[in-house]
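Open the model in your viewer and keep the selection panel at hand.

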Amino acid sequence: MWVTMQRRSIPLTRSQLFPLALAALGAMPSDAYGALTTPSILAPASTPAHQIYTLSQFVVLITGAIFVVVGGLLAFVIVRFRARKTDADHEPAQIYGSAQVELAWTVIPVLIVVVLFLTTARIIFAIQDAPKPQTAVDVTVVGHQFWWEFRYPKLGITTANELHIPVNSPSAARPTYLQLLSADVDHSFWVPQLGGKTDLIPNHPNQMWIDAEKPGLYLGQCAQFCGVEHAKMLLRVYADPPDQFAAWVKAQQRPAVQPDAQNAAAVAGRHVFETEACANCHTISGTTAKGTFGPDLTHLMSRATIASGIAPNTPGNLRSWIQDPNTLKPGALMPAMQLSDQETNQVVAYLATLQ
Ligand code: HEC
Ligand SMILES: [Cu+2]
């Protein structure tokens, strides 16, 4: 998806419209990672998403029936009572007031609205009040302009932009409970296949939960305008089978890899990183870098993308990013650090060791 997103043209081109149209038809193209290129509300893969989808089908059914009845009556009246050449040229009989008809067109819509309201409220409470199992994974999500911080307080992990959750199985429920916070302005966490939108509001913690039913990558997006780069604040949620999730947790809990003394560029790169301002904004565990303004880079190389899903995590993109983040993501809140070419190469060599 981000291949399409890197293009900056605002009016949708035909090639961009095509996947959208396909998605609308229910035939949804997927990218190399097997994720739907257009995150779709029509392919739920989590309990809350299924409940929302079922509710939306019910609402479409009722509103569709209203459309058919109203549209049908209208078409019938237009045809049946159209002006004819043989019509007398005086007005037809005018009828004023009919208690029965007026009562009907007031009471029936009120009943329909009450039914829609009650079913919606029932689903909202069913999702919100679902009991939290002991085995649930807790994640604190912090929205930043324009990236996501993910902390697993019980597991002692901090990462960014790519959330890993265990896949759920009916025999061993393992939902993930998200505590949603914001470091600056309003953001909104939305991974359509996994659940509804929930806002991240400063000083107002919100909660939601998700439980992917099959392993895979689910894409999402910040769904609340939060500044110039809001559109490039993408979300990637990896639902891992239990053993893979356990392995990921273990790898993330390790402190950062120390660069091999043989790798002179990486050793020099670490020095540049620790002595330049990088260390004020980024954390790399086991070094003097303890900044929290930007993403934790301790296991940078375990992520497939950088800068909130906007570019693949390759040495080339890391280099462009460090030279000037604005080339990849205009408006990003990381300054161009004016490093020399040599320093940039060293820093990239160091970052590339951070498995
Ligand atoms: C003023 C604070 C600040 C400084 C200084 C800074 N960064 Fe950043 N950095 C950020 C922010 C904020 C982001 C997230 C930007 C976004 O995605 O919108 C970021 C993102 C990154 C990323 C991508 C991380 C990811 O997982 O997506 C890398 C790599 C990075 N910075 C490396 C560096 C290096 C190397 C330096 C020093 C040469 C540096 N940064 C200096 C704030 C800073
Ligand atoms: Cu946002």
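Is Leu219 buried or exposed, and how many other C-beta atoms lie within 10 Å? Select Leu219 and look around it. Leu219 is buried, because 23 other C-beta atoms lie within 10 Å and the cut-off for buried is 20 or more. Note that this is a predicted model.

Now show the strand around that residue. Leu219 belongs to strand S9, residues 216–222. Gln193 and Leu219 are 26 residues apart along the chain, and their C-alpha atoms are separated by 8.1 Å.

**The whole chain**

Zoom out and switch to cartoon. The chain has 10 helices and 12 strands. It holds 355 residues, and 29% of them are buried. Next, consider contacts between residues at least 6 apart in sequence: 64% of these join residues at least 24 apart.

**The sheet**

Select strands S3, S2, S1, S5 and S8. In that order, these 5 strands form an open sheet with mixed pairing. Look at the edges next. Strand S3 (157–160) and strand S8 (206–210) each have a single partner strand, so one side of each has no neighbour in the sheet. On average, neighbouring strands of this sheet are turned by 25 degrees against each other, direction ignored.

Strand S2, residues 147–152, runs antiparallel to S3, and 4 bridges join the two. Pick Glu149. Its bridge partner in S3 is Ala160.

**Ligand 1**

Select ligand 1 and the residues around it. Which residues of the 33 come nearest? They are Trp147, Cys278, Cys281, Gly294 and Met334. Colour the shell by class.

Now colour by domain. Domain 3 (137–253) and domain 4 (264–351) both contribute residues to the shell, so ligand 1 lies between them. Then highlight three helices: H7 (278–281), H8 (315–323) and H10 (341–351). Each supplies at least two residues of the shell around ligand 1.

**Helix H10**

Finish on H10. Which of its residues are buried? Select Gln346, Val347, Val348, Ala349, Tyr350 and Leu351: these are the buried residues of H10. Then show what covers them. The cover includes helix H6 (264–275) and H8. Keep H8 selected as you return to ligand 1, where H8 and H10 each supply at least two residues of the shell.

Note on methods: Residues numbered from 1 in each chain as written. Chains lettered and ligands numbered in written order. Predicted model: local features only at pLDDT ≥ 70, side-chain atom pairs only at ≥ 80, totals over all residues. Near = placed C-beta within 6 Å. Domains from an automatic or database assignment. Buried ≥ 20, exposed ≤ 12 C-beta atoms within 10 Å, placed from the backbone. Contact = placed C-beta atoms within 7 Å. Pairing = 2+ DSSP bridges. Axes fitted to C-alpha atoms, helices over the stretch in contact; angles between N-to-C directions.
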